[in-house]
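Biologist: I would like to learn how to read aromatic pairs in a model. Please take me through one.

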Amino acid sequence: TFSNCNFSHSGPRDANNIIVLRTSDSQELNIRNCIFQLDNDAVIDAESTRRVSIENSLIYANQEAKSTQYNLMLYCYNSVTISGCPFDNSVVLKFDYPRKLEFGSCAFGNDLETNINCYRRISPVIYNSIFRAQLLYSYDRTPGFRYSLLPALARGDGNIAGDPLLANPEAYDYRLTSESPCIDTGDPNAAATRDIAGHWRP
């Protein structure tokens with residue numbers, strides 16, 4: 001388990017200069033309350049792990065590097081669950097052959113296109129999430145959206161479309177303003193137990 005860690009990197013972009021987390025054979029890898037500050041690619045190598053869970057972690061590109069997209073690559077052949085995570089869309093998410101991929105209560109807050117690539121033909125499950133820009137998903141499968149906001153309305157229960165009216169996404173403040181259409185529109189049966197500020201929610 002990695003908890004309350006800050007993963008950052010500086011230097012030229014080359015194959016010998018990336019953030020790497022590598023796990024040995026284990027049942028589960030948990031990453032909680034961490035920050036990934038990228039100005040280069042990052043790798044989470046959990047090929048032998050049965051389940052990877054990333055919770056309440058901020059993943060974003062360095063302010064000086066926002067004109068370039070960087071890859072967060074996760075190697076896991078089983079189950080990947082990402083919950084309560086805000087993302088800067090300068091980050092491209094790449095998943096290597098998971099059998100199950102699930103996003104819950106995540107916010108993709110920049111105004112660039114969101115890129116998610118998965119090298120297995122699966123349809124990720126996405127619920128209670130916010131996409132400020134259009135999602136580009138690899139291959140010919142459509143993600144299963146539920147109770148999520150996208151720029152254009154997506155098929156699925158409880159989805160809405162529009163501007164989420166985030167507080168200040170350019171400064172990584174993904175809180176909802178009082179006028180946000182996302183308020184009280186999430187799935188009550190799949191709500192996060194803590195909000196983005198770490199407060200318990202009923």
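Modeller: Begin with the secondary structure: the protein has 23 strands and zero helices. Both are DSSP runs numbered from the N terminus, helices being H or I of at least four residues and strands E of at least two. This is a predicted model, where local features need pLDDT of at least 70, side-chain atom pairs count only at pLDDT 80 or more, and totals for chains, interfaces and linings use all residues. Residues are numbered from 1 along each chain as its sequence is written, and side-chain values use heavy atoms, with hydrogens and water left out.

Biologist: How many aromatic pairs does the structure hold?

Modeller: Rings of Phe, Tyr and Trp (its six-membered ring) pair if their centres lie within 6.5 Å; planes under 30 degrees apart count as stacked, over 60 as edge-to-face and the rest as tilted. The structure holds eight such pairs. F7 and F36 are stacked, because their ring centres are 4.8 Å apart and their planes at 20 degrees. This pair links distant parts of the chain, with F7 in strand 2 (residues 6-8) and F36 in strand 5 (residues 35-38), 29 residues apart.

Biologist: Is F7 buried or exposed?

Modeller: Buried means under 20% relative accessible area, exposed over 50%, and partly exposed in between (1.4 Å probe, protein chains only). F7 has 12% relative accessibility, so F7 counts as buried. F36, at 1%, is also buried.

Biologist: Which residues form one aromatic cluster?

Modeller: F87, F95, F103, F108, F131 and F145 do. F87 and F108 are both buried.

Biologist: What share of the protein's residues count as buried?

Modeller: Of its 202 residues, 48% do.
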